[in-house]
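Here are my notes, point by point, with the structure alongside. Have a look at the model first, then read on.

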Amino acid sequence: MPGMTAPLHAPAVVHALAGRRLGHPVYLFQRIGSTNDEAKRLAVSGAPEGALVLAETQTAGRGRAGRTWLTPPGAALALSLVLRPNVTPRQAARLTMLAGVAVCEALEAVAGVRPALKWPNDILLGERKAGGILVESGLAGERLEYAVLGIGLNVSAAPPPEQVEFPATALEVESGRVVDRLTLLAAILDALAAHYDGLAEGTALQAAWQARLAWLGQTVVARTAAGEVTGLAEGVDADGALLVRLASGEQQRLLAADVRLRPSR
Ligand code: BTN
């Protein structure tokens, strides 16, 4: 069937991830509500760092700000990883940077594409969204007890245009290559592991993230809870905030917003 990739089978997944720092134990579902919800349940019941939840399709996949995330059966990668990082709750946004950089590196290596990161959590191929990241944290008082790092990627097909807010695409459409999901998964986990120890320090991640930032140096419009902010996208800081230079000359640090490129006049 067009748009379908080879189905994921548990023994093949376990075999492909053997010997890796992240990706054990692995829980593979043909159909689940949300892999992030399942990973949170596992984390609360003591799952170790590296535990991985995968699903062929999600019936209640979630994106940022409560949006729906669609996972067409057999055409996507939907994964959630349990992590127990040594960062403060304030630094948890670094995990979104970690995932963004790792996914870009994996896509570059496996599919030969040049992805861009749309702040804060979108993976773009040719100005269209091919993936997204959703990090959710569990706190114990002032301490980050666990984080669930959720990644959704459209591999062979994207959801239909009428069902998405931002124009969507899929990896195979943009690369013109057939992509093996297990190879891609293993590459993502390797890239996550390679950058994981840099989380506490943060600046190497910041540089790698900023190098792939979509619309860097261009005028963007950010919709925040306090209203719209228009300015030049100057970069991101070590904690993942977007730095925008306003017409007044002041630099604003945005922690949460929906950003779009200002249409040319
Ligand atoms: C976004 O674009 O706002 C983020 C989308 C994140 C989707 C992934 S798919 C795997 C994991 N499970 C979920 O319910 N969401 C994330």
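1. Start with D258, which is found in strand β12. Strands here (E, at least two residues) and helices (H or I, at least four) are DSSP runs, numbered from the N terminus. The side chain of D258 meets that of R67 in a polar contact of 2.6 Å. For that term, read a pair of N or O atoms within 3.5 Å; within protein, one must be able to donate a hydrogen and the other to accept it, and residues adjacent in sequence count only if both atoms are side-chain atoms. Leaving out residues up to four places away in sequence, D258 touches R64, R67, V221, A222 and R223, with contact meaning heavy atoms within 4.5 Å.

2. Before going further, a word on what you're looking at. This is a predicted model, where local features need pLDDT of at least 70 and side-chain atom pairs count only at pLDDT 80 or more, while totals for chains, interfaces and linings use all residues. Residues are numbered from 1 along each chain as its sequence is written, and side-chain values use heavy atoms, with hydrogens and water left out.

3. Which sheet does β12 belong to? It sits in an open sheet of 5 strands, ordered β11-β10-β9-β8-β12 with antiparallel pairing; two strands pair if DSSP finds at least two bridges between them. β11 (251-254) and β12 (258-261) each have a single partner strand, so one side of each is left without a neighbour in the sheet. From one strand to the next, the twist averages 45 degrees; axes are lines fitted to C-alpha atoms (for helices, over the stretch in contact), and angles run from 0 to 180 degrees between N-to-C directions. β12 pairs with β8 (residues 219-224) in the antiparallel sense over 4 bridges, and A222 stands opposite V259.

4. Now the other sheet: it's open too, with 7 strands in the order β1-β2-β3-β7-β6-β5-β4 and mixed pairing. Its edge strands are β1 (26-32) and β4 (116-118), each pairing on one side only. Neighbouring strands are turned by 20 degrees against each other on average, direction ignored. Strands β3 (residues 76-83) and β7 (residues 143-154) run antiparallel and are joined by 8 bridges, with L81 partnered by L149. Helix α1 (residues 10-17) lies across β1 and β2 (52-58), at about 140 degrees to β1.

5. What surrounds the ligand? There are 20 residues, the closest being S34, T35, R62, R64 and K129, counting a residue if one of its heavy atoms lies within 4 Å. A polar side-chain atom of T35 is 3.0 Å from a ligand nitrogen, and a backbone N or O atom of R62 is 2.7 Å from a ligand nitrogen. The side chain of N121 has an N or O atom 3.2 Å from a ligand oxygen. The protein covers 98% of the 410 Å² of accessible area that the ligand has on its own (Shrake-Rupley method, 1.4 Å probe; for residues, only the protein chains shown count as cover).

6. The salt bridge count comes to 21, taking a side-chain nitrogen of Lys or Arg within 4 Å of a carboxyl oxygen of Asp or Glu. One of them links D190 and R20, with the closest N and O atoms 2.7 Å apart. D190 is in helix α5 (residues 181-196) and R20 in the loop between α1 and β1, so the pair ties together parts 170 residues apart in sequence.

7. Last, take a look at S175 in helix α4 (residues 171-175). Its side chain reaches the backbone nitrogen of R177 at 3.1 Å. S175 and A111 are 64 residues apart in sequence, yet 6.2 Å apart C-alpha to C-alpha.
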